[in-house]
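Open the model in your viewer and keep the selection tool ready. The stops follow one another below.

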Amino acid sequence: MARRPTPPSASRPSAQPPSRAAESAKSRAAKPGAAKPRSSRAATREVDVREWASGIRLSGFMVIMLSLVVLGAWVLVPTLGTFIDQRQKIAALEASVQVSADEIEALEQEQERWEDPAYITTQARERLYYVKPGEVVYLVDNDIDPASLPQEQTPVSDELKKTPADWMPQLLRTIAGAGLAQNASAGG
């Protein structure tokens, strides 16, 4: 088996740019207790991509394995997408089945209620207004308290009125009046 040659920059220390060589010489000459200046270029290591890529050797086995990985990814990615899509559909269908089971349970409870004769009588009286012989039913139409009904609107005048210049107090009175007014539906 042949040994891989070492890159030229690693074998020659003088291959560094002159500024880096000068920096390394200065740091060697500096005293051990003195603070060393740090620069961002000195902290990061520069890598020549062409030099790095030339060091990679591809064997036949490596090419075959790489092609098998690419082929496997090409085959499995659509299958994985289909799998995820089917799992989402299954989750949606399971949720639909649960909702249907809850509806069935509610309908079964309602069916049990309809088997009770007292419930049937109550529903016939409330929904269909059925009465037993001899009973009199009074239906109250519009049973809202008259005080909570909205006021009749006054007729609109034909005259134009000048609006006072201070509109802010009028706006505040309107907002306060709207907030304190009672609605007919809220009276209960």
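Select V75: this residue lies in helix α5 (helices are DSSP runs of H or I, at least four residues, numbered from the N terminus). V75 counts as partly exposed because its relative accessibility is 43% (buried is under 20% relative accessible area, exposed over 50%, partly exposed in between; 1.4 Å probe, protein chains only).

This is a predicted model, where local features need pLDDT of at least 70, side-chain atom pairs count only at pLDDT 80 or more, and totals for chains, interfaces and linings use all residues. Residues are numbered from 1 along each chain as its sequence is written, and side-chain values use heavy atoms, with hydrogens and water left out.

With V75, they make a nonpolar surface patch of about 880 Å² (residues with over 30% relative accessible area and no salt bridge, nonpolar side chains joined within 5 Å, like charges within 9 Å). A salt bridge here is a side-chain nitrogen of Lys or Arg within 4 Å of a carboxyl oxygen of Asp or Glu.

Select residues 58–77. An unreviewed UniProt entry annotates them as "transmembrane region"; such annotations may be inferred rather than shown by experiment. The stretch is 90% helix and 0% strand, with its end C-alpha atoms 26 Å apart.

Move along to D102, also in helix α5 (residues 60–114). At 41% relative accessibility, D102 is partly exposed. D102, E103, E105, E108, E112 and E115 form a negative surface patch.

Last stop: Q182, in the segment after α7 (167–180). Its relative accessibility is 69%, so Q182 counts as exposed. Where does L149 sit relative to Q182? Their C-alpha atoms are 8.8 Å apart, across 33 residues of sequence.

Conventions
Helices (H or I, at least four residues) and strands (E, at least two) are DSSP runs, numbered from the N terminus. Accessible areas come from the Shrake-Rupley method with a 1.4 Å probe; for residues, only the protein chains shown count as cover. Lys and Arg count as positive and Asp and Glu as negative; His and the chain ends are not counted. The place of a charge is taken as NZ of Lys, CZ of Arg, CG of Asp or CD of Glu.
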